[in-house]
Amino acid sequence: MKIGVVGCAGRMGQMLVRRILVTAGCELAGGTDRAGSEAIGRDIAGITGLDPIGMLVTDDPVQLFADADAVIDFTSPNATERHAALAAQAKTVHIVGTTGLNPGQIDALRKAAQHTAIVHAPNMSLGVNLLMVLVEQVSRTLGPDFDIEIVEMHHRHKVDAPSGTSLGLGRAAAAGRGVDLDAVAARVRDGHTGERRRGDIGFAVMRGGDVVGDHSVVFAGEGERIELGHRAGDRGIYAVGAVRAALWAHGKPPGLYSMRDVLALG
Ligand SMILES: NC(=O)C1=CN([C@@H]2O[C@H](COP(=O)(O)OP(=O)(O)OC[C@H]3O[C@@H](n4cnc5c(N)ncnc54)[C@H](OP(=O)(O)O)[C@@H]3O)[C@@H](O)[C@H]2O)C=CC1
Ligand SMILES: O=C(O)C1=N[C@H](C(=O)O)C[C@H](O)C1
């Protein structure tokens with residue numbers, strides 16, 4: 001299966017290139033980065049620290065979507081929206097890990113998914129997707145007597161907050177209670193906020209250093225507290241999941257899929 005990587009010079013892009021090159025049944029179809037990036041014209045394996053393979057980074061996603069069976073996309077929300085249109089046009093599988101998409105951009109993925117298989121997940125690791133299932137179950141069991149708070153920490157370069165994973169965990173917790181996250185999310189607290197509103201799901205964000213990604217979900221009740229969490233030690237876990245998603249989606253009918261579908265987590 002021929003897999004391309006858009007944003008191949010990024011932190012995740014480089015991980016993905018390395019992962020594709022060592023995965024049986026996968027062939028690297030090529031890679032792009034932002035027009036004007038210093039990576040353009042350089043060897044795609046060379047920029048990751050591997051020996052050169054004679055394949056150069058381009059700024060031509062149209063060609064990449066035409067050449068590849070699947071394209072993996074960990075870029076930026078605007079770029080991902082454009083890439084989804086190309087995936088629909090070329091009928092190429094699109095694996096989207098980009099976070100921070102606005103509702104219009106998520107809608108664009110939905111439209112593109114009428115023409116091709118798209119897997120969209122804020123976190124491609126097995127551990128986090130299992131955590132989401134557990135959070136939904138615990139939330140359903142405990143009910144609103146337990147206050148839910150979601151805490152995350154990421155590296156200093158991260159540009160969106162709360163993380164896509166935090167929001168995904170929030171959606172899982174809200175689903176467990178049968179409510180819509182938008183109605184109960186407390187994303188910012190500052191100043192004289194008043195008491196905590198019953199049923200709210202709160203978010204707290206830390207940024208610093210080189211933290212790959214830590215997430216905790218706290219269920220705080222009277223006299224006891226339950227905490228479920230995940231700590232990522234290596235971005236390789238996301239690349240493993242994304243390549244697995246590409247292999248899974250190959251040949252699937254058009255539709256918008258999640259990692260829960262890929263991992264058959266129910
Ligand atoms: N779903 C998951 O499992 C995970 C999701 N993520 C998400 O993935 C995204 C990327 O993260 P990360 O790799 O750390 O970020 P980086 O900034 O390191 O990488 C993004 C790359 O995309 C490039 N890019 C930007 N615009 C375009 C474009 N139009 N065409 C092609 N390439 C483009 C950037 O180029 P330039 O730097 O020159 O702008 C950069 O090389 C984020 O949204 C992050 O939250 C991250 C890890 C796991
Ligand atoms: O930007 C990152 O690094 C990460 N982003 C994703 C998110 O926003 O949840 C996934 C992971 O936590 C790393």
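**Ligand 2.** I began here and found Thr 99, Pro 122, Asn 123, His 154, Lys 158, Ser 163, Gly 164, Thr 165 and Gly 213 around ligand 2. I call a residue near a molecule if its C-beta atom, placed from the backbone, lies within 6 Å of it. Sorted by class, this shell has seven polar residues, one nonpolar and one charged. For the classes, I count Ala, Val, Leu, Ile, Met, Phe, Trp, Tyr, Cys and Pro as nonpolar, Asp, Glu, Lys and Arg as charged, and the others, Gly among them, as polar.

**Ground rules.** I am working on a predicted model, where local features need pLDDT of at least 70 and side-chain atom pairs count only at pLDDT 80 or more, while totals for chains, interfaces and linings use all residues. Residues are numbered from 1 along each chain as its sequence is written, and chains are lettered from A and ligands numbered from 1 in the order in which they are written.

**Ligand 1.** I listed 25 residues around ligand 1, and Gly 7, Gly 10, Met 12, Ala 79 and Gly 97 come nearest. The shell holds 13 polar, nine nonpolar and three charged residues. Which helix gives the largest share of this shell? I found helix α1 (residues 11-22), with three residues. Helices (H or I, at least four residues) and strands (E, at least two) are DSSP runs, numbered from the N terminus.

**Helix α1 against α8.** I take axes as lines fitted to C-alpha atoms, for helices over the stretch in contact, with angles from 0 to 180 degrees between N-to-C directions. My scale is: under 35 degrees roughly parallel, over 145 roughly antiparallel, 65 to 115 roughly perpendicular, and the rest oblique. α1 passes α8 in a right-handed crossing; a crossing is right-handed if the near helix is turned clockwise from the far one by less than a right angle, and left-handed if anticlockwise. From α1 I noted Met 12, Met 15, Leu 16, Arg 19 and Ile 20, and from α8 Gly 236, Tyr 238, Ala 239, Val 240, Ala 242 and Val 243. By class, that contact has nine nonpolar residues, one polar and one charged.

**Two domains.** Seven residues of domain 1 are in contact with seven of domain 2, where contact means C-beta atoms, placed from the backbone, within 7 Å. On the domain 1 side, α8 (236-249) and α9 (259-262) each supply at least two residues. I sorted that side into three polar, two nonpolar and two charged residues.

**Helix α5 against α6.** The axes of α5 (residues 126-142) and α6 (residues 164-177) come within 7 Å and cross at roughly 30°. These helices are therefore roughly parallel to each other, and the crossing is right-handed. On the α5 side I noted Val 128, Met 132 and Val 135 among others, meeting α6 residues that include Thr 165, Gly 168 and Leu 169. The contact has seven nonpolar, five polar and three charged residues.

**Helix α3 against α4.** Are α3 and α4 parallel or antiparallel? The axes of α3 (residues 77-90) and α4 (residues 103-112) come within 9 Å and cross at roughly 15°, and the two are therefore roughly parallel. Their crossing is left-handed. Residues of α3 including Pro 77, Thr 80 and Glu 81 meet Gln 105, Ala 108, Leu 109 and Ala 112 of α4. I counted eight nonpolar, two polar and one charged residues there.

A cis peptide bond joins Ala 161 and Pro 162, with omega about -10°. Pro 162 sits in the loop between β6 (147-154) and α6. I also noted Lys 91, in the loop between α3 and β4 (93-96). Phi of Lys 91 is near 55°, a positive value in a residue other than glycine.
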